[in-house]
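Reader: I would like to learn how to read charged side chains in a model. Could you walk me through some cases?

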Amino acid sequence: MNLSGWGWERTNSLHNPQVCPPWGGVIEWGNMVRVRFAPSPTGFPHIGNLRTALFNWLFARHHGGVFILRIEDTDVARKVEGAEEAILSSLRWLGLDWDEGPFFQSERLPLYQQAAKELVEKGHAYHCFCSTERLDEMRREQVRRKLPPGYDRLCRNLSAAQREESLAKGITPVVRFRIPLEGQTRFNDLVKGPVTFNNRTLDDFILLKADGFPTYHLANIVDDHDMGITHVLRADEWLSSTPRHLLLYGAFGYQPPEFVHLPMILGEDRSKLSKRHGAVSVTEFREQGYLPQAMTNFMALLGWSLDDRTEMFTLEELVSHFSIERLSRTGAVFNLEKLQWMNGVYLRQLSVEEFVDLALPYLERNLPPSVPRPIDRGYLLRMAPFLQERARTLEGVTELADFFFLLTGVDYETGPLLGGMQKEVRKQGKDPAGAAPLARGALEASATAIERAADFEPEALEATFRSLGEGLGLGAGAFFGLLRVALTGRTASPPLFHTMSILGRDKCLARLAAAQQKLPA
RNA sequence: GGGGCAUUCGUCUAGCGGCCAAGGACACCGCCCUCUCAAGGCGGAGAUCACCGGUUCGAAUCCGGUAUGCCCUACCA
């Protein structure tokens, strides 16, 4: 089967799905699966980058293969400080361990330069002396005339004399690939199926830049071959570059790997996910208190599924189930709400001890300075079950728990404080103005009850306050609601008497007194 | 402008010729539980399977075309 329309043949029949078995075939063929994650440190790794890493890792682990990490740092200008470290730490955090590397392309420059030289010598590449200005002007003109933009191949057939002349002028040339002028390049993407490109739609792209660094295309092919990569799992956006890569493999005489183009992760507007879609870097999710198990589970489901009902997967389960056949072909919109829900599920799966250990640093960081440090772990442990059930992120725990810790009392409006009582008064057909005095009386009676309570356990408190409510002629909703706002400053909280018990007598008394102060005379 | 890929509930998806008057999940709504909020349970609404033709006894599933979207079209990756 001639896949390039240009001379080289493939020997691996895996390229033809009709005549080979699907996945397991790889290993039976006697080939060890070798895949790589090759991010570029031009920004902090986002959910799309790491999803690619996850799929590569899952594929490697599923087949007992090798997962390689390679940093493609060939763009000196766009390199972002700290990005490399963020990539490594994100991978570690997610539990995606690599077997080889990290390799850095910036440390392998001679390899690419040698490869470019080889291609020039073989006639598959040539030196180009065109200035950036000329190139820009050419492109502008092409766009203006509605012509397909691309290099006009001015230097493709320079004579030796012309080359010498430019060199003598001190111009440093770039190396461009000599794309075959005709023919087709076909390949069988393991997700997309057969794809065909006409070579004439490809332009003579640059292999080696004037600064001596390779472009992505060159470095990628040289390294993938050098590292024995068998399967390239990468984002869909690379599909259009694949014919160039295949042509390069052909020019070198290398056997190309299998290609697997993964569906892209999209923002709400269905365009390629980027910073403008909000928090997308995995570092940010980590800081916000998303669990790595939730992240991997969620990412795996963006473009992959097992069946029509299973959606909770541990990493181990993903490894055993992962298969390229179950990859989807269409882009997936990143849905934060589903991630939040899933993180909540994983948060609830934690033991209380684990939850407390994870939540503690967030509270230490986020609670107001007035709360003494260190945060009392035993105290946290008591309220933890209630927080765990309600939290969607660890960051969100502070908001759920702060009133337990505040020493100076809680801040709230009289509106919520009196809301329930006013409703109650109206229900009883009395003057709404009576709500405030009624509330004051209820608060006073409650304070007395708390002072006298011998047993401060939730059950005993509930019994006490239920009968107190009855004695006051108040419904549970109104009475407990009043107490809830007085004690927590909010209308929604963990169960009242558990809250009361955890807060303790002193805090309860202080807050009840403060509430009475708030009420209009 | 050119090229490539894609198109099932708002979103993630199941579906690979009859089992689908399309199933699950998130979000949404209602009910139950209940001192509130959660969690949980139950139920509901939500997709003429982009459109038009064709193949077939039969199509979401196969084949054309159209439309729309996305990606690529850099001395970025």
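Reader: Is Glu 121 buried or exposed?

Author: This is a predicted model, and in it Glu 121 is exposed, with a relative accessible area of 59%. The cut-off for that word is over 50%.

Reader: How are Lys 117 and Glu 121 placed in helix α4?

Author: Helix α4 covers residues 109-121, and the two sit about one helical turn from each other because they are four residues apart.

Reader: Which parts of the chain does the pair of Arg 377 and Glu 353 link?

Author: Start with the bridge itself: their side chains meet at 2.7 Å, N to O. This pair links distant parts of the chain, with Arg 377 in helix α14 (residues 377-390) and Glu 353 in helix α13 (residues 352-366), 24 residues apart. Arg 377 is partly exposed at 28%, and Glu 353 is partly exposed at 40%.

Reader: And what about Arg 390: which residue does it form a salt bridge with?

Author: That would be Glu 389, with the closest N and O atoms 3.7 Å apart. Arg 390 is partly exposed at 34% relative accessibility, while Glu 389 counts as exposed at 53%.

Reader: How many salt bridges does the count come to?

Author: The count is 32 salt bridges. Some charged residues are linked in a network: Arg 36, Arg 70, Glu 72, Arg 108, Asp 223, Asp 224 and Asp 226.

Reader: Now a charged residue without a salt bridge, please. Where does Asp 73 lie?

Author: Look in the loop between β2 (66-71) and α3 (83-94). Asp 73 is buried yet has no salt bridge. The nearest side chain of opposite charge is that of Lys 79, 4.1 Å away.

Reader: Which side chain does Asp 73 make a polar contact with?

Author: The side chain of Ser 106, at 2.6 Å. The Asp 73 side chain also reaches the backbone nitrogen of Gln 105 at 3.1 Å. Leaving aside neighbours within four places in sequence, the residues in contact with Asp 73 include Pro 41, Glu 84, Phe 104 and Phe 213.

Technical notes
Residues numbered from 1 in each chain as written. Chains lettered and ligands numbered in written order. Predicted model: local features only at pLDDT ≥ 70, side-chain atom pairs only at ≥ 80, totals over all residues. Heavy atoms only, no water. Buried < 20%, exposed > 50% of the residue type's maximum accessible area, 1.4 Å probe, protein only. Lys, Arg positive; Asp, Glu negative; His and termini not counted. Salt bridge = Lys/Arg side-chain N within 4 Å of Asp/Glu carboxyl O. Polar contact = N/O pair within 3.5 Å; in protein donor to acceptor, adjacent residues only side chain to side chain. Contact = heavy atoms within 4.5 Å.
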